[in-house]
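Notebook open, structure loaded. I want to go through the chain contacts and then the sheet.

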Number of protein chains: 4
Amino acid sequence: MGDWHEAPVRVRYEETDRQGVVYHGKYFEYFEVGRTEWLRARGLVYRDLEAGGLTLVVAEARARYLAPARYDDLLTVRTRLERMGHASVDFAYEIRRGEERLAEGSTLLVSIGPDGRPRRLVPELAALGREGAT
Amino acid sequence: MGDWHEAPVRVRYEETDRQGVVYHGKYFEYFEVGRTEWLRARGLVYRDLEAGGLTLVVAEARARYLAPARYDDLLTVRTRLERMGHASVDFAYEIRRGEERLAEGSTLLVSIGPDGRPRRLVPELAALGREGAT
Amino acid sequence: MGDWHEAPVRVRYEETDRQGVVYHGKYFEYFEVGRTEWLRARGLVYRDLEAGGLTLVVAEARARYLAPARYDDLLTVRTRLERMGHASVDFAYEIRRGEERLAEGSTLLVSIGPDGRPRRLVPELAALGREGAT
Amino acid sequence: MGDWHEAPVRVRYEETDRQGVVYHGKYFEYFEVGRTEWLRARGLVYRDLEAGGLTLVVAEARARYLAPARYDDLLTVRTRLERMGHASVDFAYEIRRGEERLAEGSTLLVSIGPDGRPRRLVPELAALGREGAT
């Protein structure tokens, strides 16, 4: 659903571990950079959405690692909207170095209200789902 | 397959984010603490296995988040061996605060050789799979 | 001023970098564990102090690194109150592995109010300064 | 000694803590981005220097925090060479958001050999000190 958005990420020293490669848990931070930039490319600043009352929590996250990323690699985080529900958003991700795919993953984000229960997505965000569907 | 091993983890300030809860990517670090302690409880020190030539890489990781963990919570990381293959190990995890389950997840670790290709698990580790199966 | 408090920290895989040692920035997280446990040993839970209106911000932090810490090391974080002012607290820290001193450092924390300006320490905390001074 | 080099860093969600601001320990990662890019601007890739046998370890690090950085802020990391010794390099840093200075700090890096003892800087790096001095 929709196109891949690409955002660059340069691997930091801190993100490596003693195997000399990027620690697997760090990829979820790259995915987050990806979805933030996906939104920004569509005119939405996630910080502003939060200020306006949106709270998205990560309900599920997964990654599959195909080849290691290394210090100072200039990676591309590719992000695509997979599905937008009434109160949820699914994204898919790929991490590439040039044409080589290093990892792929997905997240399920759920919009919640002050009571911690699912809450309809704010209209600005929901509109992106309709746009993607056409 | 086998019993749950329990290890305590105290949430650090750094692990929280501006939502006031533990950042979702941090749970993979907790899972790692869990499997390290699972091994230690069986007499194996993962650092020593690496020094002896074992390289385990994370090939897949996933988590499902049920309720937020907060700063200074004393969590329990529960770890269980799910399956041990010729060159791979599956673990399942739960993060609890008292009796409340906050998250569950799994990882697939693969043993690789210097060439980056799958390689039979070292005997000390493989032995734990046979033990767990009985 | 006052005695050293000791808290254990086990080095996690994620905390290492591709040099095979703990990344220097991580020591500030260990220092924070140290001061949290220093408080707990005196009957104060920092989370509760925050809930009661205290906001301590780190105004200065420094560390000197003497020898590397490695994966799975069981470290001791030693914390000592150096000085307590009207609106500030100075701590000194040492990181040891057994008797070996791996790092030492310090932080200056400042109590601030909702306006971001310095604000008198809450009485529970200020009382520890008087106690330490005797 | 020498000019300030400027590198952009966008604050990630993970880098914030429950006070809603960037965790103080993260600034040392920004400083590292700064010195890596300072080198790159002079034609040196730190990864390549390491591959060629250079090992720089952080011997001292300090930061002073003036105002908080927040999620999604586009920061500027300013880096300047302060001094280059036979086996050491001092950098100074500033973190700015627009014209506002949020933090300043410094690091002392020491070149070490396989035995862990100080070792003369590699010529490519030492040359930058002479250049900066003129």
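This is a predicted model: local features need pLDDT of at least 70, side-chain atom pairs count only at pLDDT 80 or more; totals for chains, interfaces and linings use all residues.

Residues are numbered from 1 along each chain as its sequence is written, chains are lettered from A and ligands numbered from 1 in the order in which they are written, and side-chain values use heavy atoms, with hydrogens and water left out.

**Entry 1: chain B against chain A**

With that rule I get ten residue pairs in polar contact between chain B and chain A, both residues at pLDDT 80 or more. Which elements of chain B give two or more residues to the side that touches chain A? I found helix 1 (27-41), helix 2 (46-51) and strand 2 (56-65); helices (H or I, at least four residues) and strands (E, at least two) are DSSP runs, numbered from the N terminus. Strand 2 of chain B gives the most, with ten residues. By class, this side of chain B has ten nonpolar, four polar and nine charged residues. My classes put Ala, Val, Leu, Ile, Met, Phe, Trp, Tyr, Cys and Pro as nonpolar, Asp, Glu, Lys and Arg as charged, and the others, Gly among them, as polar.

Contact here means heavy atoms within 4.5 Å, and 23 residues of chain B touch 23 residues of chain A. The two chains bury about 1,900 Å² between them, 47% of it on carbon and sulfur atoms. B:Q19, B:Y23 and B:H24 supply 25% of what chain B buries there, more than any other three residues. Buried area is the accessible area (1.4 Å probe) that two parts lose on being put together, summed over both.

I also looked for salt bridges (a side-chain nitrogen of Lys or Arg within 4 Å of a carboxyl oxygen of Asp or Glu) and got two across this interface. A:R18 makes one with B:E50, with 2.5 Å between the closest N and O atoms.

Strand 2 of chain A (residues 56-65) pairs antiparallel with strand 2 of chain B over five bridges; I call strands paired if DSSP finds at least two bridges between them. A:R62 has B:R62 as its bridge partner.

**Entry 2: chain B against chain D**

Ten residues from chain B meet ten residues from chain D, burying about 1,100 Å², 60% of it from carbon and sulfur atoms. B:Y13, B:E14 and B:R18 supply 57% of the area chain B buries against chain D, more than any other three residues. I count two salt bridges; D:E14 and B:K26 meet in a salt bridge at 3.0 Å, N to O. Six residue pairs are in polar contact.

In chain D, ten bridges join strand 4 (residues 88-97) to strand 5 (residues 100-111), and D:R97 is bridged to D:E100.

Methods:
A polar contact is a pair of N or O atoms within 3.5 Å; within protein, one must be able to donate a hydrogen and the other to accept it, and residues adjacent in sequence count only if both atoms are side-chain atoms.
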